[in-house]
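This short report is meant for someone meeting the structure below. It takes up a helix and its sheet, then another helix, and finally the pair of chains.

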There are 2 protein chains.
Amino acid sequence: MTRIDRKAIPVPTLRRMPAYYNYLKALLEKKIVYVSATAVANDLNLIPIQVRKDFEFTELAGKPKIGYNTELLIEAIEYILGWNKMTNALMVGMGNMGHALMSYQGFKNYGLDIVAGIDSDRKKQGKEIGGKRIYGPEKIKKVIKDYEIGIGIIAVPVDFAQETADLLTAAGIKAIWNFAPVKITVPADVVVQHENLASSLAVLSQRIKQQKEK
Amino acid sequence: MTRIDRKAIPVPTLRRMPAYYNYLKALLEKKIVYVSATAVANDLNLIPIQVRKDFEFTELAGKPKIGYNTELLIEAIEYILGWNKMTNALMVGMGNMGHALMSYQGFKNYGLDIVAGIDSDRKKQGKEIGGKRIYGPEKIKKVIKDYEIGIGIIAVPVDFAQETADLLTAAGIKAIWNFAPVKITVPADVVVQHENLASSLAVLSQRIKQQKEK
């Protein structure tokens, strides 16, 4: 697969990859070694042509009337997403949300290991959460270097989100996962994924309000 | 505001509402009682015309050269989203993610109160997390009735997500916030908001992989 091909993977396809990945892993546990695009589509509420198009990015060809090799598909998805290698992440902000995300072991299945935390509260510094140590903000550059951090996760209050992003990018971080419900500005070579739980809640609560008024 | 007007609020506008809300609350704390659409746009990385269009749904008119009344805007957003009334939520699945979300106090700012939990693990049942009691799945219908639950939150493993959604909708739940990385099927009158952290991570990790290969 050439670099140009991989660059061309559209975001909606990327976002469906984890669903395929989890589904295929469950199949493999049940010793189902081949699966058709139609079966995948049925089970995941997608249309077969969409699944086939998404699977084209794996460069695997399905066998007629048999389907795709489950194990090879899993490996191809891991390769595409870089999940075959673990990326170290730093959690900045050890409030409830930061603490929660740091305790969650599930991200390791997706190649992400949160290895250390940062918090401005001196009482938290030097302590450990699930074996991961918390440092003060003045240590951020050293921690990023020592732990070979690839992703910075922002879980600080809204007012400190931009400042935190600035600290992370100044220390060389090129990928940020932002859980603070505010837009942050970063240099052009830095990628940011906004995780806006409040926005999802806004959509959900407005729909509930509508239903009540019917 | 008529029902038809409110129904018409587009999802992207709804998703921006929490950012406006947090921003306006911060302004009010600094005793800034009027704000222009241009200032909001600058501070939140939006274009002024977008902000003005979004604010039209509040039915508030900005005063020329003065702007919008901060406090009235906050109240209007709370009203639109139903955040002026608290909705009780039930957390199903008390693994790391469920535990984490239940411990997070921040959702109360957005009108959501997680008041009880469900887990199939007998060792967890009867215990409390942050003062909120955990029940067995056989109690789900009674818990939903007793606690007047409006939103069901799914944080169970992928294989149990559909089953959980079926239990919730059978018990009368019309709104589901799904953190399991799998699509779920629900009756037409039920709204589902998928929160796919794994999908966000897929986009982020693939971009990191691309950068490394440059």
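In chain A of this predicted model, helix H8 (residues 161–170) lies across strand E3, strand E7 (149–154) and strand E8 (175–178), and runs at about 175° to E7(A); such angles run from 0 to 180 degrees between N-to-C directions, with axes fitted to C-alpha atoms, for helices over the stretch in contact, where contact means heavy atoms within 4.5 Å. Helices (H or I, at least four residues) and strands (E, at least two) are DSSP runs numbered from the N terminus.

The open sheet of chain A has 7 strands in the order E5-E6-E4-E3-E7-E8-E9, with mixed pairing, two strands being paired if DSSP finds at least two bridges between them. Its edge strands, each pairing on one side only, are these:

| Edge strand | Residues |
|---|---|
| E5(A) | 128–129 |
| E9(A) | 191–194 |

Strand E3 (residues 87–92) and strand E4 (residues 112–118) of chain A pair in the parallel sense over 6 bridges, and Asn88(A) stands opposite Asp113(A) in E4(A).

In helix H4 (residues 48–56) of chain A, Val51(A), Asp54(A) and Phe55(A) are buried, that is, under 20% relative accessible area with a 1.4 Å probe and protein chains only.

A rotation of 180° with 0.0 Å of shift along its axis superposes chain B on chain A, with an RMSD of 0.0 Å, by least squares on the C-alpha atoms of residues with pLDDT of at least 70 in both. The two copies are thus related as by a two-fold rotation axis.

Residues are numbered from 1 along each chain as its sequence is written, while chains are lettered from A and ligands numbered from 1 in the order in which they are written. In this predicted model local features need pLDDT of at least 70, side-chain atom pairs count only at pLDDT 80 or more, and totals for chains, interfaces and linings use all residues, while side-chain values use heavy atoms, with hydrogens and water left out.

How values were computed:
Buried means under 20% relative accessible area, exposed over 50%, partly exposed in between (1.4 Å probe, protein chains only).
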